[in-house]
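Work through the exercises below with the sequence and the 3D view side by side. Try each task before you read its solution.

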Amino acid sequence: MRNIYLLLGSNLGDRHSYLREGALLIEREIGPIEKSSSIYQTASWGNTGLPEFLNQALQVSTSLSPRDLLFTVNAIEKSLGRERVQKWGSRTLDIDILLYENEIINEPDLVIPHPLMQERRFALAPLCEIAPDMVHPLIGKKIKELLSELSDDLYVQVESDNNNMPQDINKTTFDIDLSYLNDIADGNAEFIIDMIDIFMEQTPVYFDQLDKAIQEKDWKVTGDVAHKIKPTLAFMGVEAAKEQMAEIERKARNLDHTEEIEEKVSQLKVSCESLYAGLQKIKDDLQGKG
């Protein structure tokens, strides 16, 4: 598996939904998302006067070659309504390949590292959040160094999430709301079944990684793994579980009452057993209709 870094951007329609759908399809078609940055509100670059963008950087593990990665990225963009009409124009979803490990590729339709990333604050800021010490293979400087030296002064700011407060982060059983998956599946039961399968296969592995990190008192890894689990819980519509995992991540990253983390993870694992059972029933019902 190879580590790659992607940048998602959207400035049309329901921008948050396009970012979520893009991440979901990336996890399905390209590989597991290892890290994701905050969502950034950014001014349009290269073509001022357009609506503001939302941008997010992802670290993804993939077995795809660079050429296959480009093909898949373009297919995901197209599936979400991307139309290439105007250079630096508005788009439902744009996915830039920023880095493919340390590879350097210069072909007519594929250039890696992204040739303009070092000039763009909207690319470097989210990338620096998840990979500050990654070295640009052509320039030879760390991402955090490139960001500190950047002259681009266009507006880039982490989006406030104050309006997304959890309703109940202490629930021990979870209601499953697949309305989001149903919306993007557009009646495709097989797609929903695939997403449930991915969730039920990956989540126990993540919990095993959490247990190992906690036993080793490696709070950085604990926070990183908790961060990876959050979007998968959100995709399944279990907001309370996602918020519990966010609390675990916060405690690990801030070294805040770390002695409580093991118990919180243990409780969440037990709660997720009922979640798996509920998802299995939904999956069985969908297969019965097929």
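**Exercise 1.** Check the length of helix H1 (residues 15–29): what should its 15 residues span at 1.5 Å a residue?

Solution. Start with the rule: the expected span is 1.5 Å times one less than the number of residues. For H1 that gives 21 Å, and its end C-alpha atoms are 21 Å apart, so the two agree. Helices here are DSSP runs of H or I with at least four residues, strands are runs of E with at least two, and both are numbered from the N terminus. Next, look just past the end of H1: Gly31 takes a positive phi of about 155° there.

Before going on, note the ground rules. This is a predicted model: local features need pLDDT of at least 70, side-chain atom pairs count only at pLDDT 80 or more, and totals for chains, interfaces and linings use all residues. Residues are numbered from 1 along each chain as its sequence is written, and side-chain values use heavy atoms, with hydrogens and water left out.

**Exercise 2.** Which residues of H1 are buried?

Solution. Take the cut-offs first. Buried means under 20% relative accessible area, exposed means over 50%, and partly exposed lies in between (1.4 Å probe, protein chains only). In H1, the buried residues include Leu19, Leu24, Leu25 and Ile26. Ser17, Glu21 and Glu27 are buried too. For the protein chain, buried residues make up 47% of the 290 residues.

**Exercise 3.** Why is strand E4 (residues 53–62) described as largely enclosed by the rest of the structure?

Solution. Count the buried residues: 10 of the 10 in E4 are buried, so the strand is largely enclosed. Now sort the side chains. In a regular strand they alternate between the two faces of the sheet. Phe53, Asn55, Ala57, Gln59 and Ser61 point one way from E4. Leu54, Gln56, Leu58, Val60 and Thr62 point the other way.

**Exercise 4.** How many residues are in the largest nonpolar core?

Solution. A nonpolar core is a set of buried Ala, Val, Leu, Ile, Met, Phe, Trp, Tyr and Cys residues joined through side-chain atoms within 4.5 Å. The largest has 60 residues. Leu6, Ile26, Ile30, Met236 and Met245 have the most contacts inside it. Helix H6 (residues 189–215) gives the most to this core, with 10 residues. Apart from this core lies another, of 19 residues, among them Tyr5 and Phe122.

**Exercise 5.** Is His227 buried or exposed, and what does it contact?

Solution. His227 is buried, because its relative accessible area is 14%. Contact means heavy atoms within 4.5 Å. Leaving aside neighbours within four places in sequence, His227 is in contact with Lys35, Ser36, Glu249 and Arg253. Finally, check the record: an unreviewed UniProt entry lists His227 for "modified residue: Phosphohistidine". UniProt positions follow the numbering used here, feature names are shortened, and annotations may be inferred rather than shown by experiment.
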